[in-house]
Amino acid sequence: MKKILVTGANGFLGQHLVKYLSEGSYKVVATGRGESRLLNKEIEYYDADLTNKTAVEGLSQKIVPDIIVHTAALSKPDECDSNRSFCKEVNVEATRNLLNLSASFFIYISTDFIFGENG
């Protein structure tokens, strides 16, 4: 059974993706910020700071995912514009930390919220 790590599991896209994948023949592990907001409390969930390279490496060694689906992002255009360094840390550095892991597949996906209104 393939093990899939879904980041951003507390977000809109992540929640729906975890629900969909967990109904299939996958072992789903989820990360997000804060307590899990997933409806299925049986999903293995970790509160994770993906901007912390050491923490991401430790989490990967614990989980050992076959596939990473990265949906975590700072998706509020106004917040990204007003705090560009934080935006870069969350949207770029966290992605780099995840890319350095040894999963067989890496999928990076987002909703259209990152483009603002009428994106």
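**Cysteines, sheet and salt bridges in a predicted model**

C80 counts as buried, because its relative accessibility is 14%, below the 20% limit set for that class. The model is a predicted one, and the values reported here are computed from it. The cysteine sulfur closest to that of C80 belongs to C87, at 3.2 Å, which is too far for a bond; a disulfide would require the two sulfur atoms to lie within 2.5 Å. Seen from the other residue, C87 takes part in no disulfide, and the nearest cysteine sulfur is that of C80, 3.2 Å away. C87 is likewise classed as buried, with a relative accessible area of 15%. Across the whole structure, the search for disulfides returns zero.

The strands form an open sheet of five, arranged in the order β3-β2-β1-β4-β5 with parallel pairing. From one strand to the next, the twist averages 20 degrees. Within the sheet, β1 (residues 2-7) pairs with β4 (residues 67-70) in the parallel sense, over four bridges. Opposite I4 stands I67, a residue of β4.

Helix α2, which spans residues 53-63, packs on this sheet and touches β1, β2 (26-32) and β3. The direction of α2 makes about 165 degrees with that of β3. S60 has its place in helix α2. This serine counts as buried, because its relative accessibility is 14%, under the 20% cut-off. When neighbours within four places in sequence are left aside, the contacts of S60 are with P65 and L101.

Charged side chains were examined next. Side chains of opposite charge can pair when their charged atoms come close. The count of salt bridges comes to five, and three of these pairs, D49 with R33, D81 with R84 and R96 with E93, are described below.

In the salt bridge between D49 and R33, the closest N and O atoms are 3.0 Å apart. This pair links distant parts of the chain, 16 residues apart: D49 is in the loop between β3 and α2, whereas R33 is in the loop between β2 and β3. With a relative accessibility of 33%, D49 counts as partly exposed. R33, at 52%, counts as exposed, because that class begins over 50%.

The salt bridge of D81 with R84 has its closest N and O atoms 2.5 Å apart. D81 is partly exposed at 49% relative accessibility, while R84 is exposed, with a relative accessible area of 58%.

A further salt bridge joins R96 to E93, with 3.2 Å between the closest N and O atoms. Both residues belong to helix α4 (residues 84-99), and because R96 and E93 are three residues apart there, about one helical turn separates them. R96 has a relative accessibility of 44% and counts as partly exposed. E93 is also assigned to the partly exposed class, at 25%.

Methods. Residues are numbered from 1 along each chain as its sequence is written. This is a predicted model: local features need pLDDT of at least 70, side-chain atom pairs count only at pLDDT 80 or more; totals for chains, interfaces and linings use all residues. Side-chain values use heavy atoms; hydrogens and water are left out. Two strands pair if DSSP finds at least two bridges between them. Helices (H or I, at least four residues) and strands (E, at least two) are DSSP runs, numbered from the N terminus. Axes are lines fitted to C-alpha atoms, for helices over the stretch in contact, and angles run from 0 to 180 degrees between N-to-C directions. Contact means heavy atoms within 4.5 Å. Buried means under 20% relative accessible area, exposed over 50%, partly exposed in between (1.4 Å probe, protein chains only). A salt bridge is a side-chain nitrogen of Lys or Arg within 4 Å of a carboxyl oxygen of Asp or Glu.
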